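Try each task before you read its solution.

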Amino acid sequence: MTQAPQEHRTLQAPTEEELTRAGLRLAVEGPVARITIDRPERRNAMTGRTWTTLAHIGQTLSDDVRIVVIAGAGDIFSAGVDLGMFTPDGVEGERSIIAGLAEGETDDADLDAYIAGLQEGFLWLRRPDLVTIAAVRGHAIGAGFQLALACDLRILADDARFCMKEPALGLVPDLTGTKPLVDIVGVHRATEICLTARTVGAEESRELGLATLVVGVEELDGAVDDAIAGLLAVDPGAATATKSLLRQAEGNTLEEQCAAERTAQVARLKALVGAMTAGS
Ligand code: CAA
C-alpha cells in the first residue's frame, strides 16, 4: 500500500448514499479527512460494505489530504464485525459469509479473494503520504481493534477498551491486525492478548505502546486537533519520505536501511535546492 497519490484515483468518491449504506461519514477539510463509523444502533459494528467503502475512500481522497482521522460516532469506536454477516441471511443488502460455504457455492479461492477485498479497507491507512489517526472512545472490538491498529497513531480516551475477540468466536484476526499488534507489543504479549480475547484498557494500552496518548473523554477531540496541528507543521514531502523509511525499517538490514536513507535524503536535498532555486 505504498502507491503514489495519483496512481489510485480513477474512481469517483463514494456518494453520500453509498457512505450511509456503509455506515460511514466522511468530512474533508483541506488536508484533513475525518471518517466516522456511524451505526449507533449496532454499536458501530461494521460490514463488508464498510470496508470496501473505506478502500473506496482511500482510492479517491484528494492529493491535498495529509491526515486521516477515524473515529466512532457516540461513545464507542466499534463493536467489530456485524455478527449478522455470519448468519445464513447475512446483513441487509450483503451476502452472508457463511451461506455460500454451507451451500458449496463458494470455494477457498473465492473466499480468499473476498477477504483480500475487505483487507484493502485497512491496508491503505499505511500509505506514506498520509498520517492516519484512530481516535478511540469506548470499545474497539475485533475488526474495530484491527482498524485502530491499521492507523499510524492511536489517541485514546481513558474509557477505551481494545479486545481481539476473533479467537473466542472460532476465527482468526484477518483484517491486517496481527502484524501491527506483534510489531507493537511483541509476539508473546500478542499471543496472550489474542488467545485470551481479553480486554485491554486505556492505561495498559499506553504501557504496551498501543496508545500514542491517553486523555480524558472530554479532551479527546482537542488532543486529536493538537496532533493534527503538529503533524501539519512538518514539510509534507519530508513527512512522506520519513514515514516510508520508518515503515520499511523493520524488514530491512541495517545496510539496506542506510541505503534507503541515503536515497531518500538525496531526493529531499534535490527538492529543497529546487525550491530554493525556484524562489530566488
Ligand atoms: N454486530 C451486530 N450487532 C451488534 C454488534 C455486532 N458486533 N454489537 C452490538 N450489536 C447490537 C446488539 O445486538 C444490540 O442490538 P439490539 O438493540 O437490536 O438488541 C445493539 O447493538 C446494542 O448492543 P448491546 O446492548 O450489547 O450494547 P452494550 O453497550 O451493552 O454492549 C458491546 C456493547 C460490548 C460492544 C456488545 O454489544 C458486544 O460485545 N458486541 C459484540 C462484539 C463482538 O463480538 N464483535 C465481533 C468481534 S470479531 C470481529 O470483529 C472480526 C471478525 O472478523 C470476526
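**Exercise 1.** Which residue in strand 9 is the bridge partner of Leu-156?

*Solution.* First, the ground rules. This is a predicted model: local features need pLDDT of at least 70, side-chain atom pairs count only at pLDDT 80 or more, and totals for chains, interfaces and linings use all residues. Residues are numbered from 1 along each chain as its sequence is written, and side-chain values use heavy atoms, with hydrogens and water left out.

Now find the strands (DSSP E runs of at least two residues, numbered from the N terminus). Strand 6 covers residues 153-157 and pairs with strand 9 in the parallel sense over 3 bridges. Pairing needs at least two bridges found by DSSP. The partner of Leu-156 is Val-214.

**Exercise 2.** Which atoms of the protein make polar contacts (N or O pairs within 3.5 Å) with the ligand?

*Solution.* An N or O atom of Ala-79 lies 2.8 Å from a ligand nitrogen. A polar backbone atom of Leu-83 is 2.9 Å from a nitrogen of the ligand. Next, the side chains. A polar side-chain atom of Arg-43 sits 3.1 Å from a ligand oxygen.

Definitions and conventions. A polar contact is a pair of N or O atoms within 3.5 Å; within protein, one must be able to donate a hydrogen and the other to accept it, and residues adjacent in sequence count only if both atoms are side-chain atoms. Helices (H or I, at least four residues) and strands (E, at least two) are DSSP runs, numbered from the N terminus.
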